[in-house]
Number of protein chains: 2
Amino acid sequence: MARAPTLCVLLLSALSPVLTVTEDVNVLVFVPLNDSFLFSYARVAPALRYAQERLRADGSPFSGLRFHVHFGDSDCVNAALFSLVERSCAHRPDLILGPVCEYEAAAVVRLASHWGVPVISAGALATGFGAKDGEYSQLTRIAPSYVKMAQTFTAMFAHFSWRSALLVFEDDKHERNCFFTLEGVYHLMGEHSIRTVSVSTEEPLNVDELLQNIYDTEVVIMCMAADKIREVMLAAHRRQLTNGGCMFFNVELFNASSYGNGSWRRGDEHDDEARQAFAALNTVTLLRTVKPEFQSFSIEMTKSVQQSRLYDCQDCGNVNVFVEGFHDAMLLYAIALHEAMKNGYSKSNGTEVTARMWNRTFEGIAGQVSVDVNGDREGDFSLMSMTDREAGTYEVVANYFGVNGSLQLLPAFDPEHFTLRERHKTRADTP
Amino acid sequence: MARAPTLCVLLLSALSPVLTVTEDVNVLVFVPLNDSFLFSYARVAPALRYAQERLRADGSPFSGLRFHVHFGDSDCVNAALFSLVERSCAHRPDLILGPVCEYEAAAVVRLASHWGVPVISAGALATGFGAKDGEYSQLTRIAPSYVKMAQTFTAMFAHFSWRSALLVFEDDKHERNCFFTLEGVYHLMGEHSIRTVSVSTEEPLNVDELLQNIYDTEVVIMCMAADKIREVMLAAHRRQLTNGGCMFFNVELFNASSYGNGSWRRGDEHDDEARQAFAALNTVTLLRTVKPEFQSFSIEMTKSVQQSRLYDCQDCGNVNVFVEGFHDAMLLYAIALHEAMKNGYSKSNGTEVTARMWNRTFEGIAGQVSVDVNGDREGDFSLMSMTDREAGTYEVVANYFGVNGSLQLLPAFDPEHFTLRERHKTRADTP
């Protein structure tokens, strides 16, 4: 008889609706009201509503989780931190989503980690955030970090036996996206011979000086504004550096749709030359998957933005990796909290909930999402090259899959294009 | 008769005790409990008590200001920010003193400036804090910043017509004191030809590689640990680079007493050679003034530390620039608040109080303190050179005074020593 109460509890938990955990969850979301950001409120809010609706739908195992979503402005400087501090005096949030920008995220994640509050960011992509044993312990990254992107390069370097690289990045000294992007490459390429060149956003590009650095480098990896990329490629072409003696790459993670086929074209007198120059330029970008559910999500986003009419944001219906990320963040947290609660933990044990988001694969809105043991999402990336030199059009020629570290060469892949040729190592061919 | 009330008020304010303003002031001080810091609690707390006692002494115009001083730990990472956030929910402090470390100070000053709470730091010496029109609007710096120190170099470069410099700094990637120190020099030397070399704290010094950079540089300015400085000077001496073809400086701001006469001496077989090498090394350090009051302050500090016996801190009685700074910070705030209140403002108008600390000269504990229009203390620096090559002893040979930007050459100054000589510009003399 001594065991009867335990048995009762077991029976109850196995048969009764207690299986569906119920809880109120206060979510604080930091996104910019300013629509110039790809992850602005107007873009992200509909995705979060969509996620909430799916989670509370009848039959969903998460229908007992009532999410109360509050928004705080993010200005990519300090606004999110100030807002967090002021909103947390009475009650700390159970979950923080965002901020995306590196410096602002750093401050928020430090404080949240100190409090044990989980943070899921679709940004915070810089290398430093990978140190989860310290001040970023509660951070889960739902978009692939710059180091994940950099794996695409290490895979290519291994495949093609390249040894040296020049990293050219534009540094605005503010958000520093390109600095952080190539920092990820630098971080992973310790075994190779790497040099870096920083290009100021404010000053005109000194192409001559920059190209001096190219002469003894096999691979040039750039992250800059499209106009600067074109300037470099035109100058390199004129110096006959685009004949295969050097590989050119640019990294274009978030504007993949605006990049590509037409980016050499400006309607100026250099278009024809630029098209030829860009034949030597390859682009690393995010691999986007599309599944049927994603279409309805995408349609819903457009509708939602149109209906609200509150925000004048023309492309807000377009779903980008950040919008996807915020959606999937809600889902991932729900899965983890649900599991934690079934195991007897409460939402206030942030460390326990965070741990259950890591080392987990689940179905996100656009496809499978894998979060590694360090709480960072695995990434898949595409390599694009010009496949029609006459038309100047691009195709995806290879994919890199982060989960298994494989490089998949597609039919459009031309090995010749990626074979380094001998070149004169003198500087005599400088004009 | 219409003017009578105004007259009454004037008479009252001129004659009555209302002149002595009364107010409770909550001060939050962030200093490390860890005594390995020169600005630890054990060192700073007695100086603040001393300042409080002077301020409330009978006859002091500030005796009506009742300072309530609370301490928060500072770990040079995030502790001060976390503490500030948690302590400010109920009541924000009226004044924050510290933190000293750059990164920790940045976070605290941003939040305090957002709230309009004045911060006086004896640190936060990095160049970036000079931007008071933005996120550091409430920061007053009571110790001379690295840019102020750098003025000593620009004055010397102008005086001796030097044009090029190599900045060699040790970077621990944590507090980064030497990085920030020479960043100040870099910031001010825009017109000169400047190169930088970063030396890792964790890795052994690659002297050969470092000296390759010296060959076409007139002046080498270093900020590194004493052992690394000695290693570089020994290597430079062996390569005959210490014959006047190149000027060598190191910057040693805070350990001036431990530097100087004996720093070439290690008791090893290289001492004699090191003494010869160090004849070419000049040191820029803080100019310390001593006035009679300072002696009694200094004695009081020692006594106070001995009496408390709470902290095992052997040199805590020694007064350094940080300890002075915290003392003078209290004084400066009292002067500014007193003036603001006499003009009808309250302590809660932090911007008004801060403004009254700037562009002001007052008597600090060790001498006159001038805060410039940007809220940054002017600095005086000394240049030390070896004046007895046999004994290997140093003397101050010149002083730089920040207030008027003058370079004062002392009798011990030897112009010959600072005259650049021709040298072979080939690399053939590398061993």
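A polar contact is a pair of N or O atoms within 3.5 Å; within protein, one must be able to donate a hydrogen and the other to accept it, and residues adjacent in sequence count only if both atoms are side-chain atoms. This is a predicted model, where local features need pLDDT of at least 70, side-chain atom pairs count only at pLDDT 80 or more, and totals for chains, interfaces and linings use all residues. Residues are numbered from 1 along each chain as its sequence is written, chains are lettered from A and ligands numbered from 1 in the order written, and side-chain values use heavy atoms, leaving out hydrogens and water.

**View 1. Where chain B meets chain A.** Counting 6 residue pairs, both at pLDDT 80 or more, gives the polar contacts between chain B and chain A. Each chain brings 12 residues to the contact (heavy atoms within 4.5 Å).

**View 2. A salt bridge across the interface.** Here A:R92 pairs up with B:E86, with the closest N and O atoms 3.9 Å apart. For a salt bridge, a side-chain nitrogen of Lys or Arg sits within 4 Å of a carboxyl oxygen of Asp or Glu. Across this interface there are 2 of them.

**View 3. An edge-to-face ring pair.** By the ring rule there are 36 aromatic pairs over all chains. In one, A:F157 and A:W162 sit edge-to-face, 5.4 Å centre to centre with 90 degrees between the planes. Rings of Phe, Tyr and Trp (its six-membered ring) pair if their centres lie within 6.5 Å; planes under 30 degrees apart are stacked, over 60 edge-to-face, and the rest tilted.
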